[in-house]
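The following exercises are to be worked with the sequence and the coordinates at hand. Each task is followed by a solution in steps.

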Amino acid sequence: MTPPRNSNAARDIAYALHPYTDHKAHLETGPVVISRGKGVRVYDDQGKEYIESVAGLWCASLGFDNERLVQAAATQMRKLPFYHAFTAKSHEPLIDLSEMLIERAPAKMSKVFFANSGSEANDSAIKMIWYMNNAIGRPEKKKLIARIKGYHGITLAAASLTGLPVNHKLFDLPLPGFHHVSTPHHYHNALPGESEEAFATRLAEELDAKIIAEGPETVAAFWAEPIMGAGGVILPPATYFPKIQAVLKKHDVLMVVDEVICGFWRTGSYWGSQTLGIEPDILVCAKALSASYLPISAVMVNEKVFQGIAEGSSTIGTWGHGFTYSGHPVPAAVAIETLKIYDEMNMGDHVAKVGAYLQAQLRARFADHPLVGEVRGTGMIGAVELVADKATKRNFDPAQKVGIRLTKVGEQNGVILRSMANDSLGFSPPLIITEEEVDEMLNRFGKSLDEIMVTVR
Ligand code: PLP
C-alpha cells in the first residue's frame, strides 16, 4: 500500500537510506515509524503499540522511558556538554566510568578506552593488538581468528571479523589476515551421537590445527562473543571456552571477548564471560552499557596489552588512535547512571527470576510446535529456530523468507520480532521485563507463528 503523500512513511521512502534493509522492497512497503516508548513497549506514529522482543537491537536494557537516564544526560549537558580525552585531557564522567568498569570486569583488567559503537570498539581492539605486537618486536604476529556466524560489527576490520555472508558479499571482505573457524552450534554442526563435550574438543582441535597451519608466530588473537547474538543466539557446547582458551594459551594468542550483547546481565551473569567460563585479555562492550540511550562503547585491556601500547606510544610519541567523541561526557554520565541502576535494582536477581521464566515458557510453549526445530537460550537471551523438517533439522529455503514474513505478521499482532540466519527468531527483551509481559510477548509471538504456519505448510 502506498503511504499518503507527505506522511512520515512517504518522506522516509523519499530520503532515508536504512541500515540492513532491502531498499527495493522498502520503496514499496516503507518503514514502521516508531515515535515513542514506554517500558518494554514502543508505539508507531499511528499510535499502534508493540512489545519489543529484542529491546531494539538487543540493547535498550532499561526499556524506553527511564527518567533517571534522561536526568543524567540533562545534568551533564548543563555542566560540561563536551570535552575530549586526547593529549591527556580528561573529565569526571570518563574517570568515574573507567573506574566502575574496571571494578566490575570479569578478569583483572588495567585500562579502559572509549568509542561510540561496538564496531568502533572492535576496530580499536584490533589496532591495539597490532600496535602492541609491533611495539614489542613481533610484527609478524597479526592474524586474527573469529568464527563463522560471529558478529562483531560492520566497519572494515570489524566486518572482517564478522562471519556472516551478508557482511562480506559485495563488500570485498574479509580483509587479508582475518580467518574464521567453525560455528559452535551443537544442533546443526555436531556429528551424529556426538556429545557436547566431544564436539567442544573437536572444535578446540580445529582451532589448534588452524593456528599451527597459519604459524603460531603469525596469529595474534581469537575473537568471540560468549553467546553468538546476531548469528542466531548460538550457545557453545559445554566445556567449549575452557578448551579453546587452553589452545590459545599454548600458542600465546590473545582472547578477545565481544560482550556487546552479552554484557550487563543479559546472559544471567554480569558478563557473558562469567556465564561461559572465559578469561579475556581484552573485553569489548557497548549497548546495555548506557542502556543505549546514548552511543558509547568500551574496550578494557589487561596490563600486558596496556604495557605494549604504552611502549609503542613512548617510542612514537603518541598512541595515534582515538575518536573525537571517545569518552564523551554525556553518554559517559548516562552509562554511569545505568550501571548504578543495575546495582540498585539487583538486576542479577531480576534476570535470574524472569530470565528463568522466559526460558521455561519458550520451551514449554514452542519446543513441540511443528515449525520449531530448536529452542535455545539462557538468562534473558533466547531463540526459536524454525525448520521445514524437524527430523532432519532441515531449514526452510531462504528464498521463502519464512522468518522475515513472521516478523511482518508479528508487527500486525503487536510484537517486534527479529529474524536471523536459518529463520531463528531472537528474544532479548529489555531486562526490566516482567513475567506478565513475557506472557503477553509470547502470546503475540505464538499467534503469529500459528498464522504463518498456514502459509508455509
Ligand atoms: N559486536 C556484537 C556482538 C554485536 O552484536 C554488535 C551489534 O549488534 C556489534 C559488535 C557492533 O555494534 P555496533 O552496531 O554498535 O557497531
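**Exercise 1. Backbone exceptions**

Locate P174 in the predicted model, and describe the peptide bond that joins L173 and P174.

Solution. P174 lies in the loop between α7 (156-161) and β6 (178-181). The peptide bond joining L173 and P174 is cis, with omega about 5°.

Next, determine where A55 and F264 are placed, and state whether each is buried or exposed.

Solution. Step one concerns A55, which belongs to helix α3 (residues 55-58). A55 is not a glycine, yet its phi is positive, about 50°. Within 10 Å there are 29 other C-beta atoms; the threshold for a buried residue is 20 or more, so A55 is buried.
Step two concerns F264, found in the loop between β8 (254-258) and α11 (272-276). F264 also is a residue other than glycine with a positive phi, near 65°. With 27 other C-beta atoms within 10 Å, F264 is buried.

**Exercise 2. The buried side of a helix**

Identify the buried residues of helix α15 (residues 402-412), and explain how they are arranged around the axis.

Solution. Step one: the buried residues of α15 are V402, G403, L406 and G410. Step two: these residues cover an arc of only 90° around the axis, and therefore lie on the same side of α15. Step three supplies the general principle: an α-helix has 3.6 residues a turn, so residues three or four places apart point the same way. Step four: the packing partners of the buried residues of α15 are β12 (381-386), β13 (415-416), β14 (418-420), β15 (424-427) and α16 (435-456). Step five: just after α15, G414 adopts a positive phi of about 80°.

**Exercise 3. An open sheet**

Give the strand order of the open sheet of four strands, and name its edge strands.

Solution. Step one: the order is β1-β2-β3-β13, and the pairing is mixed. Step two: β1 (34-38) and β13 each pair on one side only, and are the edge strands. Step three: β1 pairs with strand β2 (residues 41-44) in the antiparallel sense, over four bridges. Step four: R36 stands opposite Y43 in β2.

**Exercise 4. The shell around the ligand**

Which residues come nearest to the ligand, and which helix gives the most to its shell?

Solution. Step one: of the 15 residues around the ligand, the nearest are S117, G118, S119, G153 and V260. Step two: helix α6 (residues 118-135) gives the most to the shell, with three residues. Step three: by class, the shell holds six nonpolar, seven polar and two charged residues.

How values were computed
Residues numbered from 1 in each chain as written. Predicted model: local features only at pLDDT ≥ 70, side-chain atom pairs only at ≥ 80, totals over all residues. Buried ≥ 20, exposed ≤ 12 C-beta atoms within 10 Å, placed from the backbone. Helix = DSSP H or I, 4+ residues; strand = E, 2+ residues; numbered from the N terminus. Arc of directions from axis to C-beta. Contact = placed C-beta atoms within 7 Å. Near = placed C-beta within 6 Å. Nonpolar A, V, L, I, M, F, W, Y, C, P; charged D, E, K, R; others polar. Pairing = 2+ DSSP bridges.
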